[in-house]
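Below is a short briefing on the strands and helices of one protein model. Please read it alongside the sequence and coordinates.

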Amino acid sequence: YQRRVHGDVKTIVMGVNDHEYDPATHKIVSNASCTTNCLAPVVHVLLKNGLDIKSGLMTTIHSYTATQKTVDGPSKKDWRGGRAASVNIIPSTTGAAKAVGEVLPATKGKLTGMAFRVPTADVSCVDLTIETNQDTTIDHIDWLMNRASKSYLSGILGYASEEVVSQDFVHDGRSSIYDSKATLENNLKGEKRFFKIVSWYDNEWGYSNRVVDLLKLMASKE
């Protein structure tokens, strides 16, 4: 079960800030959400390589989940959320982008976003549009993601250069799989500070793997 938590709870995203876990201080921890686990590694790569985010908007194109309705019905959360999951694209809220600010404080107040719940059973996609404070190119960002996927974020961040679709990532255990082709083809030529980045995630299996990883980390600190 995933949800953003509030109060005196440490939010951990594996591969991003898991080194901050302190068993003496952090009695209750959150593994964040599946979407935060996809978004945070991508943002982490940018920050680690000196690319500060001035502002950013995230959209997750998210498969339906067990909280949604099989047929139209009442929803305690919002009217749209009560519509049938398998036949609608449903605009919804998400705290995933704001939650990145809890994991990477340099982004606090700079990211927000929304979700579209779509009629697929599994696998989702993050579409992140950002403005950076420093000049760079989308080709350089692509290179940074590729390098990270093979080094310090191996097993957490993937790199896909083929013409992939959502079904290609069912049962993928990584948190986030950066889509090089979709990213490189959908940016403005010559742009130096305004970029779109696309990354996939199996919102069920990938997230479940991170829960296990977090439990193993906590057990190793006992």
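Two strands pair if DSSP finds at least two bridges between them; helices (H or I, at least four residues) and strands (E, at least two) are DSSP runs, numbered from the N terminus. This is a predicted model, in which local features need pLDDT of at least 70, side-chain atom pairs count only at pLDDT 80 or more, and totals for chains, interfaces and linings use all residues. Residues are numbered from 1 along each chain as its sequence is written, and side-chain values use heavy atoms, with hydrogens and water left out.

- Seven strands form an open sheet in the order 4-5-3-6-9-8-7, with mixed pairing.
- Strand 4 (90-93) and strand 7 (157-160) are the edge strands, each pairing on one side only.

**Strand pairs**
- Strands 8 and 9 run antiparallel and are joined by two bridges; Tyr178 stands opposite Ser199 in strand 9.
- Strand 7 pairs with strand 8 (residues 176-179) in the parallel sense over four bridges, and Tyr159 has Tyr178 in strand 8 as its bridge partner.
- Strand 6 (residues 124-132) and strand 9 are antiparallel over eight bridges, with Glu131 opposite Phe194 in strand 9.

**Burial**
- In strand 9 (residues 194-201), six of the eight residues are buried, where buried means under 20% relative accessible area, exposed over 50%, and partly exposed in between (1.4 Å probe, protein chains only).

**Helix 1**
- The 15 residues of helix 1 (residues 34-48) should span 21 Å at 1.5 Å a residue, and the end C-alpha atoms are 22 Å apart, which agrees; the expected span is 1.5 Å times one less than the number of residues.
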